[in-house]
Structures are given as structure tokens and as C-alpha cells.
Amino acid sequence: WGFVTQAKQVITSLCQTINEVLQELIPEGSRCALPDLPAHTNVNVGDHAIWLGENAWLRRRSVELVYTSDMRTYERTRMAKRLGPDGIILLSGGGNFSDLHPVHQQFREMIVRAFPHHQIIQFPQTIWFAQPTSLDRARSVFAHHPKLTVLARDHRSLEMARYGLQVSARLCPDMAFMLGRLPRISPPSVEALWIWRKDCASACQTLRMQPNAKVADWVDGLSATPMGFTRFLERQLVAYPRARHTLQRLLVAAHDRIARAYLEMGCRILSQGKMIVTDRLHAHILSLLLGIPHIVFDDHYGKVKTFYETWTEGCDLTRWVNSPEEAQRASGGGQVAQSAGHGGGARHA
């Protein structure tokens, strides 16, 4: 497995790359809006890690976030007033730049159409379209915006942005790396912990594990409780429209704490394993930040492999395998009872 020191070098290098890319686009002290914080119901550790990484970088850059909302509380007029003519619109990163996530994609397209004269920066995303008609529609919106820059978090997405969407695009690592190195929350309790997707983005449906391994997913350890306060505030926004702006500020403030709670729970899950085996991109990224050796295989859409080949291939903490069966043999963590790819929509980051 090598030494943790190489993982440190990878993290340092990727943070430097993020800084180099973003410093050219976002001047120090800029006025910015971030209208799509991840307060949606289909949320996982990756979304929150990205959000926290984005905000960590913005704080270091002394960026003034003059407007923040989620898709439900977004107000075009208010955001425009707060931004002024020279403000920068930032769109959160992740894995929902796709027709597999139509609500998020349509919101993104709406923002780009609504602000044709503002600089817009899309934080690093995986870009993937299943339907040519969806790609055509997105191109018709993005290609004509003169101040839009899309950051792609892998080479495949970069090609899609430049040639499929015909936009100005740069390659940039996932913003979760701006969290820096993280401490293990507890000593490991199992030899091999599988963080394995149980949604339709998984390339493997059923595993039969031996006693020295454990199978989990983010949702197994994530409580819905932290999101309860957010849902309460959203109901109040409907019931008390005159207090909308105060409630919106509370919603944004609460989300930062919620994001940190979910990140801590994700790190607590990962800390259970002496070794991690995963098909989740952010289980891979957080394992690097936590210094945990891990085996990585692909999801159904190729998102994990394209990221690995772009940024983390060769890191001594990480070993790539081509299938769950190969992962099982490499980890000694159980027998694969059934493996099958299947279609459908993916979860986010």
C-alpha cells in the first residue's frame, strides 16, 4: 500500500491546481452569489463535502457571498440586486450536470439564461448526457453566454464541455480537496469496509461478505435529523412570506452546520474500516483525506474511473480494480454472489 506521505503530496498538488485555476477566474474580494446550495432531499456526504470545500476556498480568497440560496428559496430579483452589475455567479460542483438530474440541470440552465451579462463560473462537475436532445438544449443555452466558464473534474467531462456544449472550460479537481487532510474519528473496527452504492448507479447489486468485512452505504449511517430544521424553515417560508428574508438567512446559516454534521458522519463511517472498498467517488476522495488505504472500482456511468485516471492514479493509498469480483479478491473481503450493471439515474456527487 505504500506510505501516507504520497497521499499528502497528492492532496497538496490538487489543492494547488484548484488555487491556480480559480485565482484566474475569481479576483480576491469579489462579490459573488451561490444560488444552489445542496439542501435537496437526494443528498449525500459528497454534496456536503463539495459545499464545504467551496466555502473554504472562498473564505481564503476573502470572497463576499452576497447571496446564497437553494433552488426552492432562489429569488432572481433579489440575487440581481445583491450582485450588482459586476458580481460573479457561482454554481456548485458535483455530479448533477446531466439529464439524469433534470431538476438541477434545468435550474442551472435557467440561471445562465437569466443573467446573460454576468460572469458565471460552474465549479467542477462531472458532465454526462444520456439523450442527444438534452445536450442540444444545454448547448443552446450555454454556448451563447459570453462570460460562462465551466470547470470539469475529469478529462471526459472537459471534452464534453468544450466540444459538446461549446463553452469555455478548464480542468479542475473536485472542491472537496479544499477540506485538506482530515483526522480519523475512531480506530478501525473491521478489516474491510465496503462503501457500496445501493442505487441504480451501482455496477454491482448483491454481495455476500465474510465476517472480516462489512458492507455499508452513506445512507446507512446518515440520519435524516440534521435536515429536519431545514425542512421546518422551508415550511415557514411558505407560511410567513413577510419574514422570507430573515428565514432565508437562517436557512443558509443552518445549512453550514448541517453540512459539517453530514461530513462528520461520513468520516465516522469510513473510520470503521482498516481498508475501504468502494464504488463511490467521495468515499475515494475522503479516504485519501483521512489517510485510509482503499480499493476503488467503477460505478455504472464511469464517473469514478474518469476521475481516478485524471487525478489520483498512482497514489499509494489507492488501488484500482476493474470489477467487484476483483475488489473482493484484492481485499479478501467476501464472495461476490451476483454482479450486474443496470441503467437509470445516479445519485449526485
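# Helix α11 and other features

Guide: T306 lies in helix α11. Helices (DSSP runs of H or I, at least four residues) and strands (DSSP runs of E, at least two) are numbered from the N terminus. The model is predicted, so local features need pLDDT of at least 70 and side-chain atom pairs count only at pLDDT 80 or more, while totals for chains, interfaces and linings use all residues. Residues are numbered from 1 along each chain as its sequence is written, and side-chain values use heavy atoms, leaving out hydrogens and water.

Visitor: Why is T306 called buried?

Guide: Buried means under 20% relative accessible area, exposed over 50%, and partly exposed in between, with a 1.4 Å probe and protein chains only. T306 has a relative accessibility of 12%, so it counts as buried.

Visitor: Which residues does T306 contact, and what makes a pair a contact?

Guide: A contact requires heavy atoms within 4.5 Å. Leaving aside neighbours within four places in sequence, T306 is in contact with D154 and R156.

Visitor: What makes helix α11 largely enclosed by the rest of the structure?

Guide: Helix α11 spans residues 303-312, and eight of its ten residues are buried, so the term applies. Among the buried ones are K303, F307 and W311. After the helix comes G314, with a positive phi near 95 degrees.

Visitor: Why is α10 called roughly parallel to α11?

Guide: The axes of α10 (residues 281-290) and α11 come within 9 Å and cross at roughly 30 degrees. Angles under 35 degrees count as roughly parallel, over 145 as roughly antiparallel, 65 to 115 as roughly perpendicular and the rest as oblique, so α10 is roughly parallel to α11. Axes here are lines fitted to C-alpha atoms, for helices over the stretch in contact, and angles run from 0 to 180 degrees between N-to-C directions.

Visitor: Which residues of α10 and α11 meet?

Guide: L281, H284, I285 and L288 of α10 meet K303, V304, F307, Y308 and T312 of α11. The residues of this contact divide into six nonpolar, two polar and one charged. Ala, Val, Leu, Ile, Met, Phe, Trp, Tyr, Cys and Pro count as nonpolar, Asp, Glu, Lys and Arg as charged, and the others, including Gly, as polar.

Visitor: What makes I127 buried, and where does it lie?

Guide: I127 lies in strand β5 (residues 119-128). Its relative accessible area is 1%, and therefore I127 is buried. The C-alpha atoms of I127 and K303 are separated by 9.1 Å, although these residues are 176 residues apart along the chain.

Visitor: What joins the side chains of N96 and Q125?

Guide: A polar contact of 2.9 Å joins them. That term means a pair of N or O atoms within 3.5 Å; within protein, one must be able to donate a hydrogen and the other to accept it, and residues adjacent in sequence count only if both atoms are side-chain atoms. N96 is in strand β4 (residues 94-98) and counts as buried because its relative accessibility is 8%.

Visitor: Why is S62 called partly exposed?

Guide: S62 has a relative accessibility of 44%, so it falls in the partly exposed class. S62 sits in the loop between α2 (45-60) and β2 (64-68), and its phi is near 55 degrees, a positive value in a residue other than glycine.

Visitor: How many disulfides does the structure hold?

Guide: A disulfide is a pair of cysteine sulfur atoms within 2.5 Å, and the structure holds zero. C32 is buried at a relative accessible area of 0%, and C267 is buried at 4%.
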